[in-house]
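Biologist: I'd like to learn how to read sheets and domain contacts in a model like this one. Could you walk me through it?

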Amino acid sequence: MPRRSDPIYLDNNAGAPLRPCARDMMIEVLNDTGNASSVHAHGRQARSRIEAAREAVAKLCGARSRAVTFVSGGTEANMTALTPVWQDQGAPVYLDKLYKSTVEHPSVLNGGRFAVADQIPVPVDGNGVVQLSELEELVVGREPGLVSVMAANNETGVMQPLAAIGEIAEANGHFFHVDAVQAAGRMPIDMESWKADALTLSAHKFGGPQGIGAVVVRSTARVPSPLLTGGGQENWRRGGTENVAAIAGFGTAATAALEECATADHFAHMKEKLETGLRDVCPGCVIFGETVERLSNTVCFAVPGMLAETALIAFDLEGVSVSSGSACSSGKVSVSHVLTAMGVEDDLARCALRISLGWANGEAEVDRFLEVWCKIVERLNPQARHQAA
Ligand code: PLP
């Protein structure tokens, strides 16, 4: 078990620690010289680093390497995919509307390059799962548009029925984009069975470096128009000299994450232990999305009356990093739009905390968390120990 004084990190959905193998690779590549677009030996060396990483990232999502375009992260990938202008079989296609679920990350919720008037929210149920009948009602008989639904939610870990959503999109002539930022390395990714035309990835959620991500397409014949134009990098799909070290680190982390994902789900046992431990201390603890399929690294919970901001500070003082509300807005005191979309009352949503496990966590961290949890509840809300569910 970590020593009492050792800080522990349970906020991997905000960003996982860099894997040592990715760090080593990046340091090696940082010593290289040259631009991957140059034809000389130095340039070719940089190019081969990029192509090796492309292969590794493609494998992570069962795609061909040509389908992978490197960009600066999940936000840019979402901005790239969420465009009304695509190229399909060499001809431009204009997508009429963006159908986005109400629990998306802000980089999708903002609608990318679609006009505000062309963005249609798709509701979720009380567990945060897209309501298929409502989606169908919205898209049937409409001009071709783009449906965008995340694979798994960053706050709750709730997974979406992607194959069913992709089926509805395709059957009605729409394109389908999946933000798989939280899914990569934590659940199998299968663009074919999801019928996803484009996928968003971000390296830093599974132990790659920050500031690098990818747009992956199902077919290179159907691609979103570039967000950044300039040189012909990335097959004319994303201009700008490539960040070779970050791309190489991304590829290395992708290989490691895929290996872990292919073996037993080592988070499942830890999640069970966490949830049992939370309830042992506070029987009335609410676990969001508890009854539906969730990532096994994520637990989002609330104890009525125990404000998340207060609990977060108490955890921090004990050297335990967890999160309240949305991953990318830790520290912001506002109610989570995800919980609101799920119909959670503001008073309860203000109590929501998130634990997200990552490659560097083991049972020792879970044990330490539960020890601190017991202490914090005793201090902040002792009556919660006796409140029934
Ligand atoms: N999509 C989801 C689901 C996320 O959780 C995040 C970040 O938390 C992003 C997109 C943005 O990714 P990035 O931080 O690489 O821009």
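Modeller: Let's take the ground rules, then the domains, then the sheets. This is a predicted model, where local features need pLDDT of at least 70 and side-chain atom pairs count only at pLDDT 80 or more, while totals for chains, interfaces and linings use all residues. Residues are numbered from 1 along each chain as its sequence is written, and side-chain values use heavy atoms, with hydrogens and water left out.

Biologist: Which domains does the chain have?

Modeller: Domain bounds come from an automatic or database domain assignment. Here that assignment gives domain 1 (8-18 + 265-382) and domain 2 (20-261). Their centres, taken over C-alpha atoms, lie 28 Å apart.

Biologist: And how much area is buried between domain 1 and domain 2?

Modeller: Buried area is the accessible area (1.4 Å probe) that two parts lose on being put together, summed over both. For this pair you get about 2,600 Å², with carbon and sulfur atoms giving 58%. On the domain 1 side, L18, L295 and M342 supply 27% of the area buried against domain 2, more than any other three residues.

Biologist: On to sheets. What's the general idea?

Modeller: Strands of a sheet pair through backbone hydrogen bonds, either parallel or antiparallel. Two strands pair if DSSP finds at least two bridges between them; helices (H or I, at least four residues) and strands (E, at least two) are DSSP runs, numbered from the N terminus.

Biologist: In what sense do β5 and β7 pair?

Modeller: Parallel: β5 (residues 98-101) and β7 (residues 146-148) share three bridges, and K100 has S148 in β7 as its bridge partner.

Biologist: What is the strand order of the open sheet of four strands?

Modeller: That one runs β12-β13-β16-β15, with antiparallel pairing. β12 (286-287) and β15 (323-324) stand at the edges with a single partner strand each, so one side of each is left without a neighbour in the sheet. Inside the sheet, β13 and β16 (residues 352-356) pair in the antiparallel sense over five bridges, and F301 has L353 as its bridge partner in β16.
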